[in-house]
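Please examine the structure shown below.

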Amino acid sequence: MTEYGTIDLLFLDYTSQWKAEEDYFDRERLLEMIYRCQPEILVDDRLAYFKDNVRDFDYYTPEICVPNQPQIVKGREVPWETCATMNDHWGYCSKDQNFKPADMLIRKLVECVSKGGNMLLNVGPDARGNIPEESLQILAKIGKWMNKNSASVYGCGESGLPKPENGRITGKGNRFYYHIMENAIGSVPLYGIEPGKVQAIRLLSDGSERKLQDNWMVNNYPDVAFVEVSDSPYLPDEVDTVLEIIMK
């Protein structure tokens, strides 16, 4: 806490061998020292289970799961990030080939952001300390998607709109990012988006404009914006097609 200048964030972890009643790490003394040396630091929740289960931490770190509700500590909402592994282990395990597909990790990243959280994705080494080939392939696919759609993730958070049945929505300022993960048999409904409040819609991956639909069928649903995303039965990106919606 004193040898590295200003420290923004401290991720404390712990052993599974502790007993809560023993307060093995002398939690109160440790936290007092941390905050005294670094008053502006953010400390995670992993010492919060030692004294009467008091959760007085700065941010929450659920492991290999995505919370379904805001995380409230002493009446205030705290930031959170899901900690996830690419396979089933945090470090080297020669027998663990149970790698999560890139499609799943992309969608889980978007889910975290749409709920106001972050994803911390672990990459474990092989026996020689290298990034495994399986991880490289997965990261390359995630990177390819992010190269075209990163604006819908970086700096974004909750949109304030309910989760649509065909995907997720992230938000930033007057822009909504509608993540379509399930195609429609006709024009795609953008649930929660009122047509009269839309200034422009474009496909984020290439910047091409998408016009609001205006016909006898969609006019039966005046409170929902409809767009033609593709001229085929397939979405432009089968994993996650993102529309940037600029609101008036």
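Which residues does Ile142 touch, not counting residues up to four places away in sequence? Ile142 touches Ala102, Leu105, Ile106 and Leu121, where contact means heavy atoms within 4.5 Å. This is a predicted model, in which local features need pLDDT of at least 70 and side-chain atom pairs count only at pLDDT 80 or more, whereas totals for chains, interfaces and linings use all residues. Residues are numbered from 1 along each chain as its sequence is written, and side-chain values use heavy atoms, leaving out hydrogens and water.

Ile142 belongs to the largest nonpolar core, which has 26 residues. A nonpolar core is a set of buried Ala, Val, Leu, Ile, Met, Phe, Trp, Tyr and Cys residues joined through side-chain atoms within 4.5 Å. Here buried means under 20% relative accessible area, exposed over 50%, and partly exposed in between, with a 1.4 Å probe and protein chains only. The members that touch the most others are Leu109, Ile138, Ile142, Trp145, Met146 and Val153. Helices (H or I, at least four residues) and strands (E, at least two) are DSSP runs, numbered from the N terminus. A second, separate core of 17 residues includes Phe176, Ile180, Leu190 and Ile193.

Consider next helix α3 itself. Its buried residues are Ser135, Ile138, Ile142, Trp145, Met146 and Asn149. Because they cover an arc of only 100° around the axis, they lie on the same side of α3; the arc is that of the directions from the helix axis to the C-beta atoms. These buried residues pack against α2, β6 (118-122), β9 and β13 (241-247). The face turned away from the buried side carries the exposed residues Lys144 and Asn147.

The strands come next. Of the six residues in strand β8 (residues 167-172), five are buried. Two strands pair if DSSP finds at least two bridges between them. Strand β7 (residues 157-158) pairs with β8 in the antiparallel sense over two bridges, and Glu158 has Thr170 in β8 as its bridge partner. Strand β9 (residues 175-180) also runs antiparallel to β8, joined to it by six bridges; the partner of Gly167 in β9 is Ile180. β8 and β9 form a hairpin with two residues between them, and Gly173 in the turn has a positive phi of about 65°.
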